[in-house]
Amino acid sequence: MTGTALRIVIGTAGSGKSTVARRLAREYAAAYLDKDAMSARFVEAALQAAGYGPGDRESNAFYVERILPLEYDSLLDMAGANLRIGQPVVVDAPFSPYLSDPDFITTAAERFDWPPVDIEVIRVRVSPETLQQRLRERGLERDRWKLAHWEEYWVKHGGQPCAWAGVRLREFSNDADEAA
């Protein structure tokens with residue numbers, strides 16, 4: 001691959017996307033940008049300051065409407081900063097609210113002043129059984145709602161297609177235990 005590359009690794013929470021993204025970042029000597037590592041502490045503090053629990057995300061309109069867009073804006077802005085200095089980038093985030101918008105990535109490239117860049121999206125998929133098991137095992141506060149409302153969560157996030165224009169899309173099945 002020539003020129004600066006942006007690889008965006010998407011998938012549901014617990015799919016193993018972070019493992020795949022870290023592997024790609026090492027392989028391509030790329031900056032590794034993980035949405036949760038970049039913003040989790042701020043998100044939890046903002047939720048608590050607004051009177052919500054630190055893990056209250058999917059069911060919380062305040063989070064979805066006010067905080068989530070800022071998380072993604074910060075992530076994509078940081079990607080642009082790295083791309084502008086010629087650094088390849090691997091982004092690790094679910095992008096669930098934005099997958100159905102065909103113009104999401106092209107709009108982000110304009111908003112955050114990305115240079116011309118080759119964009120590959122790697123969608124990490126797992127079976128619902130594997131995902132449920134991984135979420136239980138990792139025991140994170142932010143996964144409680146997902147597990148308590150499993151059918152609703154899986155319908156909304158489990159099979160969501162990526163409609164983004166201007167990217168190459170690759171599917172990666174990650175049901176193997178060692179891949180998590």
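Colleague: How many bridges join strand β1 to β4, and do the two run parallel or antiparallel?

Modeller: Keep in mind that this is a predicted model. Six bridges join β1, residues 5-10, to β4, and the two strands run parallel. To place the pairing on the structure, find I8, which stands opposite V121 in β4.

Colleague: Which strand does β4 join through six other bridges?

Modeller: That is β5, residues 168-173, which runs parallel to β4. Here you can look for R125, whose bridge partner in β5 is S173.

Colleague: How should I think about the side chains of a strand, and is β4 mostly covered or mostly open?

Modeller: The general idea is that side chains in a regular strand alternate between the two faces of the sheet. In this case, β4 spans residues 118-125 and is mostly covered, with six of its eight residues buried.

Colleague: Now the loop. Where is N60 found, and is N60 buried or exposed?

Modeller: N60 sits in the loop between α2 and α3. Its relative accessibility is 3%, and buried means under 20%, so N60 counts as buried. Beyond its neighbours within four places in sequence, N60 is in contact with L47 and Y52.

Colleague: What lies 2.8 Å from a polar side-chain atom of N60?

Modeller: The backbone nitrogen of F62 does.

Colleague: Which residues does F62 contact, leaving aside its neighbours within four places in sequence?

Modeller: They are A46, L47, A50, Y52 and I67. L47 and Y52 are also contacts of N60. For A50, the C-alpha atom is 8.6 Å from that of F62, although the two residues are twelve apart along the chain. F62 has 23% relative accessibility and therefore counts as partly exposed.

Colleague: Last, the largest pocket: what is its volume, and how many residues line it?

Modeller: Its volume is about 780 Å³, and 38 residues form the lining. A13, E58, P94, K146 and Y153 lie nearest the centre. Elements giving two or more residues to this lining are α1 (17-27), α2 (35-49), α3 (61-84), α5 (128-138), α6 (144-148) and α7 (150-158).

Colleague: How do the lining residues divide into nonpolar, polar and charged?

Modeller: There are 13 nonpolar, ten polar and 15 charged residues in the lining of the largest pocket.

Notes: Residues are numbered from 1 along each chain as its sequence is written. This is a predicted model: local features need pLDDT of at least 70, side-chain atom pairs count only at pLDDT 80 or more; totals for chains, interfaces and linings use all residues. Side-chain values use heavy atoms; hydrogens and water are left out. On a 1 Å grid over the protein atoms alone, a cavity is a set of points where a 1.4 Å probe fits but cannot get out, and a pocket is an open set with protein on both sides within 12 Å along at least five of seven lines; lining residues have an atom within 4 Å of a point. Grid points are joined across faces, edges and corners, and a volume is the space filled by probe spheres set on the points. Helices (H or I, at least four residues) and strands (E, at least two) are DSSP runs, numbered from the N terminus. Ala, Val, Leu, Ile, Met, Phe, Trp, Tyr, Cys and Pro count as nonpolar, Asp, Glu, Lys and Arg as charged, and the others, Gly among them, as polar. Buried means under 20% relative accessible area, exposed over 50%, partly exposed in between (1.4 Å probe, protein chains only). A polar contact is a pair of N or O atoms within 3.5 Å; within protein, one must be able to donate a hydrogen and the other to accept it, and residues adjacent in sequence count only if both atoms are side-chain atoms. Contact means heavy atoms within 4.5 Å. Two strands pair if DSSP finds at least two bridges between them.
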